[in-house]
Amino acid sequence: MEVVPLASVEEVARLGADVVEAAVRGGAGVLGLATGSTPLPTYRELIGRHLDGIGPSYDGVRCFTLDEYVGLPAGHPESYRATIARELTDPLGIPADRVHGPDPDPAGLPTAGERYEAALRAAGGVDVQVLGIGSDGHLAFNEPGSSLASLTRLKTLTEETRRDNARFFGSLDEVPRHVLTQGLGTILRSRHLLLLATGPGKAAALAAAVEGPLTASCPASVLQLHPHVTVLCDPSAAAGLERRDHYREVYAAKPAWQGL
Ligand code: F6R
């Protein structure tokens, strides 16, 4: 795992965008996209470069979201399908038929996980997966206790996550209890994992994920099993990392040919 402590949220966004663009330029055809607040500066950076005409071509790129709320009316602005279209894929000119998410239609819930796994496989798997981390250590919506080998399925959000996400809704009561989420085993199949962490609310979870034991009690610790993980964090999110000086040294001395 490569942990890169950076000076600001803006630097996280610039480097995050560099990683995604380098992959697309290198032929990556499948992007995995997180929603939530953390990736938004990176998404805005990608959009800005695209509009300035200096980004890569997204022709042919397909996108898969990590997760989706269950129980929202179709087209709800806080559904992750609507959110990712608004915040990234529409501005990048990626058409809706190339943007996929788990299907929350109540009638199909028992098979929604399997169908999403099949769609991911049919697309050839995710080249770069953008990730955020929950304040309770969740990855996608795999809450503490999730199987480290899990695949896409229905999950129940913790109260902590529902409270964290209430800011997107009118009130806590409006935050769905159920979600469909890629499993931790699904995420591990992506070829490159790009975890973005910013803000003091992520410091404890990030330290547990990166430097704590591998445990289902901190789902993001599963990243320790993946051969290619890049963690970009700002100073407040990095505050709990015991080895952060070492991570800085490693990054500063990184050979230019190596990339992220
Ligand atoms: C979103 C997702 C979640 C978020 C996490 C952090 O698709 O899967 O795991 O990444 O809840 O959310 P923010 O970035 O809003 O703090």
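## Ligand site and cysteines

In this predicted model, the side chain of Arg167 places an N or O atom 2.8 Å from an oxygen atom of the ligand.

| Residue | Part of the residue | Distance to a ligand oxygen atom |
|---|---|---|
| Arg167 | side-chain N or O atom | 2.8 Å |

The ligand is found in the largest pocket, where 14 residues surround the ligand, the closest being Thr38, Asp67, His138, Ala140 and Lys202. By residue class, this shell is made up of six polar, five nonpolar and three charged residues.

Turning to the cysteines, how many disulfides does a search of the whole structure find? The search finds zero. For Cys218 the reason is distance, because the closest cysteine sulfur, in Cys233, lies 14 Å from the sulfur of Cys218, which is too far for a bond, a disulfide requiring two cysteine sulfur atoms within 2.5 Å. Cys233 is likewise in no disulfide, its nearest cysteine sulfur being that of Cys218, 14 Å away.

Are these two cysteines buried or exposed? Cys218 is buried, with a relative accessible area of 7%, and Cys233 also counts as buried, because its relative accessibility is 0%, where buried means under 20%.

Conventions: Residues are numbered from 1 along each chain as its sequence is written. This is a predicted model: local features need pLDDT of at least 70, side-chain atom pairs count only at pLDDT 80 or more; totals for chains, interfaces and linings use all residues. Side-chain values use heavy atoms; hydrogens and water are left out. A residue is near a molecule or strand if one of its heavy atoms lies within 4 Å of it. A polar contact is a pair of N or O atoms within 3.5 Å; within protein, one must be able to donate a hydrogen and the other to accept it, and residues adjacent in sequence count only if both atoms are side-chain atoms. On a 1 Å grid over the protein atoms alone, a cavity is a set of points where a 1.4 Å probe fits but cannot get out, and a pocket is an open set with protein on both sides within 12 Å along at least five of seven lines; lining residues have an atom within 4 Å of a point. A molecule sits in a cavity or pocket if more than half of its atoms lie within 2 Å of its grid points. Ala, Val, Leu, Ile, Met, Phe, Trp, Tyr, Cys and Pro count as nonpolar, Asp, Glu, Lys and Arg as charged, and the others, Gly among them, as polar. Buried means under 20% relative accessible area, exposed over 50%, partly exposed in between (1.4 Å probe, protein chains only).
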